[in-house]
Amino acid sequence: MTDLNLPIFKYDASGPYENGLKHGETFKEAIKELVKIRTSLLLKRSPHLKDKLDEFAQLQFEETMKFDAALAQELEGIAKGSDTTVRDIIILNNYTDFRDIQLDYDNQDEGCTSVSYIDETNSIAAQTWDMHQSAKNYLMLIDIVDEAKGTRQLIYTVCGCLGLMAVNNHGQFIGVNNINVVDGVNGIIWPALIRKAAQRDKLEEVGKLLMEAPITSGHNYLISDGKSAFNYEITPTQKEILNSDPKGLIFHTNHCLGKKIKTVEDPNNISKTTHARFDLVSKYKNEISDEASVMSLLMSHDGHPISICSHFAPEGAKDPSQTCGGALFNYQTQVFKAWRGCKKYDKNFEYVEIHLPLIL
């Protein structure tokens with residue numbers, strides 16, 4: 001299995017297809033491995049989808065093309081460069097949402113924990129990434145600079161994927177948590193929504209985009225501009241903004257909190273760790289005061305293995321997950337910090353810091 005060691009890959013001004021092509025060529029073998037892993041996981045969890053993969057992937061690609069043609073072209077470039085197919089790359093990007101189109105699975109163990117902390121002197125947005133444990137070695141960062149426009153985006157992702165979370169030099173941060181719902185349809189792939197949100201320069205524009213996007217399934221999106229932060233619980237049929245007071249600590253794990261969203265939550269397929277992690281954040285809520293305490297929270301092993309830095313892999317689980325990494329942006333220091341693996345339990349833990357000067 002390939003180990004990318006959390007590389008930073010730079011996009012240039014050559015164009016979306018060309019950057020995708022370079023991405024695909026550079027990480028060709030790793031992308032092929034991850035396609036194989038995620039396709040296998042999808043069919044193991046939802047074997048009824050075997051004869052629907054081509055149809056659903058094509059529909060999701062077409063919806064993504066209508067949503068943002070440049071991002072669809074990037075997907076085509078990644079597929080060409082990695083000697084895979086667009087279907088393969090759609091599955092790599094959107095395999096969690098595939099499962100919600102026709103529900104017939106169990107042992108939903110994936111999850112993430114997202115937090116924002118804002119007070120008079122601190123502003124921090126961050127999240128862990130809990131995925132199938134095989135994804136850890138494929139984590140990477142994409143650094144997108146447009147010198148003509150004066151913009152820069154930092155994207156936390158896995159190879160072959162448009163993006164898992166992002167922050168830009170306008171201070172717009174977007175993270176995401178999976179929620180399991182019963183109203184899945186074939187819409188855009190959610191990593192395209194992450195990337196399009198990363199192109200916005202105002203928080204209200206990010207929020208508007210989230211409320212209007214034709215998505216495939218349910219997610220909570222944590223958005224922040226350093227002054228305010230909100231959780232947006234979004235499904236194909238229900239959309240709700242949480243947190244009337246955006247200051248202090250706000251957080252989310254992987255169960256629905258909004259009244260409207262709960263009406264479409266799938267009670268049989270809620271993350272096995274979400275309530276424990278939510279309770280752990282609540283337990284330490286009053287101890288959060290700065291970046292160090294946020295980082296300590298995200299790397300906490302209180303309650304191990306069902307901890308915020310999670311290592312929960314129950315016997316018989318079809319999709320055992322662990323905390324594969326995480327990222328944090330500090331609006332005061334203007335430094336983005338990202339890590340791969342667990343500092344305590346992984347020998348191949350990787351950590352990077354990137355200075356991201358903000359346009360104020």
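The structure is a predicted model, in which local features need pLDDT of at least 70 and side-chain atom pairs count only at pLDDT 80 or more, while totals for chains, interfaces and linings use all residues. Residues are numbered from 1 along each chain as its sequence is written, and side-chain values use heavy atoms, with hydrogens and water left out.

Histidine 132 lies in strand β3 (residues 123-132); strands (E, at least two residues) and helices (H or I, at least four) are DSSP runs, numbered from the N terminus. Histidine 132 counts as buried because its relative accessibility is 12%, where buried means under 20% relative accessible area, exposed over 50% and partly exposed in between (1.4 Å probe, protein chains only).

Helix packing comes next. Two packed helices are described by the angle between their axes and the distance between the axes. For helix α2 (residues 28-45) and helix α5 (residues 86-98), the axes come within 9 Å and cross at roughly 35°. These axes are lines fitted to C-alpha atoms over the stretch in contact, and angles run from 0 to 180 degrees between N-to-C directions. The crossing of α2 and α5 is left-handed, that is, the near helix is turned anticlockwise from the far one by less than a right angle. Contact here means heavy atoms within 4.5 Å. On the α2 side, the residues involved include Ile31, Leu34 and Arg38, and those they meet in α5 include Asp88, Ile91 and Phe98.

Leaving aside residues up to four places away in sequence, tyrosine 284 touches Leu297 and Asp302. The C-alpha atoms of tyrosine 284 and leucine 297 are 7.6 Å apart, although 13 residues separate the two along the chain.

Some loops hold backbone features to look for. Proline 305, in the loop between α10 (291-298) and β12 (321-330), is joined to histidine 304 by a cis peptide bond with omega about 10°. Aspartate 83 is not a glycine, yet its phi is positive, near 55°. Aspartate 83 sits in the loop between α4 (69-81) and α5 and is exposed, because its relative accessible area is 52%. Glutamine 334 also has a positive phi, of about 55°, and belongs to the loop between β12 and β13 (335-340). With 17% relative accessibility, glutamine 334 counts as buried.
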